[in-house]
Amino acid sequence: MLTPPASLMIYVATQPVDFRKGAEGLALLAKETLGHDPMRGGALVFRAKRADRVKIVVWDGSGLVMYWKRLDGSGFKWPPIVAGVMRMNAAQLSALLAGMDWTRMHAPRIPQPKALA
């Protein structure tokens with residue numbers, strides 16, 4: 001089970017990628033085509049052409065880590081296939097990896113505190 005910290009910046013590549021690529025290949029793809037370098041922080045989430053597979057590449061401070069998962073009997077709920085990337089928070093990523101509908105996960109709106117007198 002992968003439990004990302006709430007402060008982790010998560011970027012989802014919305015177009016499918018070649019899943020024969022390893023961690024280095026996906027990191028290079030992210031840097032060159034998406035403009036996000038995993039070595040500078042943040043996790044990059046990639047989908048395959050088949051909706052039942054996901055790969056996540058993240059730098060943990062000492063090395064490049066790749067998380068791979070395939071759902072049995074169903075597929076992940078992916079965003080629409082468009083060019084570019086989209087942001088996702090840690091709760092949404094956890095829901096996605098569990099095979100749930102991550103679009104129902106929203107952060108509560110917290111009003112700004114008023115200035116003290």
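Strand β2 (residues 43-47) is largely enclosed by the rest of the structure, because five of its five residues are buried; buried here means under 20% relative accessible area, exposed over 50%, and partly exposed in between, computed with a 1.4 Å probe on protein chains only. Strands (E, at least two residues) and helices (H or I, at least four) are DSSP runs, numbered from the N terminus. Ala43, Val45 and Arg47 are buried on one side of β2, and Leu44 and Phe46 are buried on the other, so that both faces are covered.

The model is predicted: local features need pLDDT of at least 70, side-chain atom pairs count only at pLDDT 80 or more, and totals for chains, interfaces and linings use all residues. Residues are numbered from 1 along each chain as its sequence is written, and side-chain values use heavy atoms, with hydrogens and water left out.

The neighbours of β2 come next. Two strands pair if DSSP finds at least two bridges between them. With β1 (10-13), β2 pairs in the parallel sense over three bridges, and Ala43 of β2 is the bridge partner of Ile10. Together with α1 (23-34), these two strands make a right-handed β-α-β unit; right-handed says that, with the strands pointing away from the viewer, the path from the first strand over the helix to the second runs clockwise. With β3 (residues 53-59), β2 pairs in the antiparallel sense over five bridges, among them one that joins Leu44 to Val57 of β3. A hairpin is formed by β2 and β3, with five residues between them.

The largest nonpolar core has 16 residues, and Val45, Leu93 and Leu96 have the most contacts inside it. Such a core is a set of buried Ala, Val, Leu, Ile, Met, Phe, Trp, Tyr and Cys residues joined through side-chain atoms within 4.5 Å. At least two residues of this core are supplied by each of β1, β2, β3 and α2 (90-97), and α2 gives the largest share, five residues. Apart from this core lies another, of eleven residues, including Tyr11, Ala13, Leu44 and Phe46.

Thr14 lies in the loop between β1 and α1 and is buried, with a relative accessible area of 4%. Its side chain reaches the backbone oxygen of Val82 at 2.4 Å, a polar contact (a pair of N or O atoms within 3.5 Å; within protein, one must be able to donate a hydrogen and the other to accept it, and residues adjacent in sequence count only if both atoms are side-chain atoms).
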